[in-house]
Each structure stands twice: as C-alpha cells, then as structure tokens.
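Welcome, and thanks for taking a look at this one with us. Please have the model open as you read the short tour below.

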Amino acid sequence: MTIHYVRSGEGEPLVLIHGIGHHWRAWEPVIPMLAERHDVIALDLPGFGRSPAPEVNRGMPTAVAALGEFFAALGLDRPHVAGNSLGGAVALELAAAGLARSATALSPAGFATPAQVRRALRMLRGMRLGAVVTPAPVLRVFYRTRFGKRFSFSALVTDPSVLSAERALADTLALRGGKGFAAVARHGATYAFAGAPEVPVTVAWAARDRILEPIQAARAREVLPGARHATLDGCGHVPMSDDPAGVAAVILATTGVLRTGSASARPGPRASG
C-alpha cells in the first residue's frame, strides 16, 4: 500500500500520525522543532490526504498493518510515534503491537463511552458535510475572514486565527477528499483501546477539546496506569496549532531527548499524576 509522507531532520525516526479527515499538514506547526532532534516523518493515513484508500478497510487493524508495512519499507526499526485523535489511537496500537519504541497520544480516540463516540462522530460528519457541499471558491473567500475561520474551525482549535487562509482551505479540502472517512468512522463507532504497551507512553489531553472531551482522560488513566498523563492547557482538539512549542515539548519528553520539566520546555502542557 502506498503511503504519502514528508520527511525532515536527523536523529532517531519519529512518525507523526494525523486524525480522521486530516492530513500530514496537521503537524506543520511542530515539525521544525521536532526535526531539530529527530528524523521526522509526517504521513497521510490510508484513505486520507494523498494516500489512496485500501481496497478493504477493517478499521484499526488495517491502519496498524499498513503502517507496519510502511515502517518496513522505509527501514524504520521501531520508530517513535506520535498521533492526534485517531492518530493517537493508532500510535498507541503500534506501541502495543511492538512496532514503536515510544508513543505520544494527543487527545486520542479509544477512551470514550458509546454516547461520547456518537456525539464526536456527529460533529465530524457535520463538518465533512459542510466541506463537501461548499464550493472551493466560496471557501477560499470565506477563509480570508476571521469569522470564516472561527465558524469552521472553532471545534478543532481554540484560536482559529492562527490558521492561514491557505492552510484552512487545504485542511477543508483534505476533509472533503478523504475517501477513507466513511469506513474509518464506521469502525470507530465501536473501537476502544485495550492494549498494554511496554514502551514509554504519554497521553496528553487538550483541556479545551470539544470533539473528544477532556473527561475521557480519566478513562485513559484507568486503561494506561503506567503512562505519563498530561494536560495541554488552552488547547483544542488539534493542539499542534494552538501550542506548537508545548506539543513539541511533550513529544520530545516521551522520546527521551528532552527531560520532563526541562527549562527549555514551554510551560503550556501541565503534567499530572
């Protein structure tokens, strides 16, 4: 299976995994900081961005198998992984499968109640419908306004004004064009993480997440008592845009190149527990 990716930096490999309906560009704000310490590989999951959809999609098993093959094809021996939302769950599953040497999960899927999952999927499907029915020229003009970005992205980031008009349009078109969206959402409706990774793991929840609400962090603590748990203060569901430095610090602490509490880490993420 072909997986599109971009790569930069030097050091131990670090693979970045986006959420449902997104693409590798979700990580653009943090890549420069991560690339100072790691060989960073930001990818498009199968069925999203520029990666083609698999012929048969069984949900999480398909994603994990595809990334395992991707790692092998690139000669990556258990890279560090970090993911957001769906990507956070994929990162944890890769760690549980012995395919990663550390995992950072930012507001990951897999810890919600059935009612919470239904609510999240309603919101995401509504956002995708808006992306599909609105012509691109209209979106291009709409995203030049502060109101346009806030209207479309306030459920994802705390401060949509940080998104450029070009980035907002690209993200919306990625959501529209994600051929894997329907299958992933269908399987995600019943998905729950139940693995037991034996590598360093950090679960960092965005304090102002409106998609996967912060209350779900309590379930993550129960399932992963040996992990480091942190709160990303002031951040929305896609925290890489709200606090790039804080997110980078959390990831680098997990990979081991930045000590927790280092003076070089911005005090945005608050470690807890």
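## Aromatic pairs

Phenylalanine 111 is buried, at a relative accessible area of 3%; buried here means under 20% relative accessible area, exposed means over 50%, and partly exposed is in between (1.4 Å probe, protein chains only). Before going further, please note that this is a predicted model, in which local features need pLDDT of at least 70 and side-chain atom pairs count only at pLDDT 80 or more, while totals for chains, interfaces and linings use all residues. Residues are numbered from 1 along each chain as its sequence is written, and side-chain values use heavy atoms, with hydrogens and water left out.

The whole structure holds 9 aromatic pairs, where rings of Phe, Tyr and Trp (its six-membered ring) pair if their centres lie within 6.5 Å, and planes under 30 degrees apart count as stacked, over 60 as edge-to-face and the rest as tilted. One of them joins phenylalanine 111 to phenylalanine 193: the ring centres are 5.9 Å apart and the planes stand at 50°, so this pair is tilted. Phenylalanine 111 sits in the loop between strand 5 (102-106) and helix 4, and phenylalanine 193 in the loop between helix 8 (181-188) and strand 6 (201-206), so the pair ties together parts 82 residues apart in sequence. Helices (H or I, at least four residues) and strands (E, at least two) are DSSP runs, numbered from the N terminus. Phenylalanine 193 is buried too, at 4% relative accessibility. Another tilted pair is phenylalanine 142 with tyrosine 143, whose ring centres are 6.0 Å apart with planes at 35°. Phenylalanine 142 is partly exposed at 25%, whereas tyrosine 143 is buried at 3%.

## Salt bridges

How many salt bridges does the count come to? The count is 7, taking a salt bridge as a side-chain nitrogen of Lys or Arg within 4 Å of a carboxyl oxygen of Asp or Glu. One of them pairs aspartate 39 with arginine 7, at 2.7 Å from N to O. Aspartate 39 belongs to strand 3 (residues 39-43) and arginine 7 to strand 1 (residues 5-8), so the bridge ties together parts 32 residues apart in sequence. Aspartate 39 is buried at 13% relative accessibility, while arginine 7 is partly exposed at 41%.

Arg25, Glu28 and Glu166 make up a network of salt bridges. Arginine 25 meets glutamate 28 at 3.0 Å, N to O, and in its bridge with glutamate 166 the closest N and O atoms are 2.7 Å apart. Arginine 25 is buried at 15%, whereas glutamate 28 is partly exposed at 29% and glutamate 166 is partly exposed at 46%.

## Core and surface

The largest nonpolar core has 87 residues, and those with the most contacts inside it are Leu16, Ile17, Trp27, Leu34, Leu67, Val81 and Leu94. Such a core is a set of buried Ala, Val, Leu, Ile, Met, Phe, Trp, Tyr and Cys residues joined through side-chain atoms within 4.5 Å. Leaving aside residues up to four places away in sequence, leucine 94 touches Ile17, Val64, Leu67, Phe71, Val81, Leu99 and Ala100, with contact meaning heavy atoms within 4.5 Å.

On the outside, leucine 129 is found in helix 4 (residues 114-133) and counts as exposed at 54% relative accessibility.

Glycine 21 lies in the loop between strand 2 and helix 1 and is buried, with a relative accessible area of 5%. Its C-alpha is 9.0 Å from that of glycine 47, although the two are 26 residues apart in sequence. Beyond residues up to four places away in sequence, glycine 21 touches Phe48, Asp171, Ala174, Leu175 and Phe181.

Most residues other than glycine have a negative phi. Arginine 78 has a positive phi near 50°; its place is the loop between helix 2 (60-74) and strand 4 (80-84), where it is partly exposed at 35%. Serine 107 also has a positive phi, near 45°. Serine 107 is in the loop between strand 5 and helix 4 and counts as buried at 0% relative accessibility.
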